[in-house]
Amino acid sequence: MTKKFGLNAGVTVPFRGQAGIFSTMSFVQKEASELKDFEINHLQFAAWLFHVKVENTLDCNDWE
């Protein structure tokens, strides 16, 4: 499906949040070049920061 939209490379970061809720955040790019380890680490950290912010903002216990 991603190739249909011209997306050729990327990384998906999985999370297990409050109340056992699982989520992911994906970063994609059109270029087919391989991401470097430090780039993946930065994307994982950015995704984690966003995830923590969302968890602290939303009351995930209401989703059960």
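Predicted model: local features only at pLDDT ≥ 70, side-chain atom pairs only at ≥ 80, totals over all residues.
View 1. Trp-48 belongs to helix 1, which covers residues 37-57.

**View 2. The aromatic pair of Phe-45 and Trp-48.** The count of aromatic pairs is 1. The ring centres of Phe-45 and Trp-48 lie 6.0 Å apart and the ring planes meet at 25 degrees, so the pair is stacked. The assignment follows because planes under 30 degrees apart count as stacked. Phe-45 and Trp-48 are 3 residues apart in helix 1, and about one helical turn therefore separates them.

**View 3. A nonpolar surface patch formed by Phe-45, Trp-48 and Leu-49**. Together, these residues have about 320 Å² of accessible area. Trp-48 takes part in this patch and also in the stacked pair with Phe-45.

**View 4. His-51, a buried residue of helix 1.** His-51 is located in helix 1. With a relative accessible area of 15%, His-51 is buried, because the limit for this class is under 20%. Leaving aside residues up to four places away in sequence, His-51 touches Phe-15, Arg-16, Gly-17 and Ser-23. Two of the elements drawn here contain such partners: Phe-15 and Arg-16 fall within strand 1, residues 9-16, and Ser-23 falls within strand 2, residues 22-29. Buried residues make up 17% of the 64 residues in the protein chain.

**View 5. The hairpin of strand 1 and strand 2**. Strand 1 (residues 9-16) pairs with strand 2 (residues 22-29) in the antiparallel sense over 8 bridges. Pro-14 stands opposite Thr-24 of strand 2. Between the two strands lie 5 residues, and Ala-19 in the turn has a positive phi of about 60 degrees.

**View 6. The protein chain in outline.** The protein chain contains 1 helix and 2 strands, and from the N terminus on these elements run β-β-α. Of the contacts between residues at least 6 apart in sequence, 41% join residues at least 24 apart.

How values were computed
Residues numbered from 1 in each chain as written. Heavy atoms only, no water. Patch = residues over 30% accessible without salt bridge, like charges linked within 9 Å, V, L, I, M, F, W, Y side chains within 5 Å. Areas by Shrake-Rupley, 256 points an atom, 1.4 Å probe, with all protein chains shown as cover. Salt bridge = Lys/Arg side-chain N within 4 Å of Asp/Glu carboxyl O. Helix = DSSP H or I, 4+ residues; strand = E, 2+ residues; numbered from the N terminus. Buried < 20%, exposed > 50% of the residue type's maximum accessible area, 1.4 Å probe, protein only. Contact = heavy atoms within 4.5 Å. Pairing = 2+ DSSP bridges. Phe/Tyr/Trp six-rings, centres within 6.5 Å; stacked < 30°, edge-to-face > 60°.
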